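Please keep the sequence and the structure side by side as you go through them.

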Amino acid sequence: MAADDPACPSQDFTRFLQRFADPADDRVRLRYTSDPLEYEVPMHTVRDDHEGLAPTHVVLEQGAARLKRFSYRYLATFDLFVPSPVSRDPAALEHMRAGTYNAPTRIEPIDGNGQRVTFGSDAERDAYTFARRYGCWMLTRASNLRD
């Protein structure tokens, strides 16, 4: 493995996710995001004539486009996952320092061999599916089901 191709940072999923979302080092995201990545969106955002069709649509994204789908970063100082624009917003950082910033994160096991990570509340949430592949965790699907 090359120096710019990091070994699995942790078998413990929570620690892996913290490294995966490290704002200072994107090598783990580059290595452990499937290519292509399944990206799921509501059908009505893809087609106007969506009546009678499946409620969601999945696109297979390849190359650099797939990396834009995981936009959360882990800020160790606050022990929080936040949307990447927030991590550069001074006002949001002040809210975090004051303990008034709420970015709910839920991690749950799925299918006996995977983990689903959900960021945000019911109305404003993103979900990411990770599976065990190649001796580590791999982001295999991103879902943005907001209207």
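How many helices and strands does the secondary structure of the protein come to?

1. The model is a predicted one, and its secondary structure comes to 3 helices and 8 strands. Followed along the sequence, these elements give the pattern α-α-β-β-β-β-α-β-β-β-β.

2. An open sheet is formed by 6 strands, which lie in the order β2-β1-β8-β7-β6-β5 and pair in a mixed fashion. Because β2 (56-61) and β5 (105-110) each have a single partner strand, they stand at the edges, and one side of each is left without a neighbour in the sheet. On average, and with direction ignored, neighbouring strands of this sheet are turned by 25° against each other.

3. Within the sheet, strand β7 (residues 125-133) and strand β8 (residues 136-144) run antiparallel and are joined by 8 bridges. For a point of reference when inspecting this pair, R132 stands opposite W137 in β8.

4. Turning to the helices, which residues of α1 (residues 13-20) are buried? They are F13, F16, L17 and F20, and because these buried residues fall within an arc of 100° when seen down the axis of α1, they line one face of the helix.

5. Among the contacts between residues at least 6 apart in sequence, 43% join residues at least 24 apart.

Terms used: Residues are numbered from 1 along each chain as its sequence is written. This is a predicted model: local features need pLDDT of at least 70, side-chain atom pairs count only at pLDDT 80 or more; totals for chains, interfaces and linings use all residues. Side-chain values use heavy atoms; hydrogens and water are left out. Two strands pair if DSSP finds at least two bridges between them. Helices (H or I, at least four residues) and strands (E, at least two) are DSSP runs, numbered from the N terminus. Axes are lines fitted to C-alpha atoms, for helices over the stretch in contact, and angles run from 0 to 180 degrees between N-to-C directions. Buried means under 20% relative accessible area, exposed over 50%, partly exposed in between (1.4 Å probe, protein chains only). The arc is that of the directions from the helix axis to the C-beta atoms. Contact means heavy atoms within 4.5 Å.
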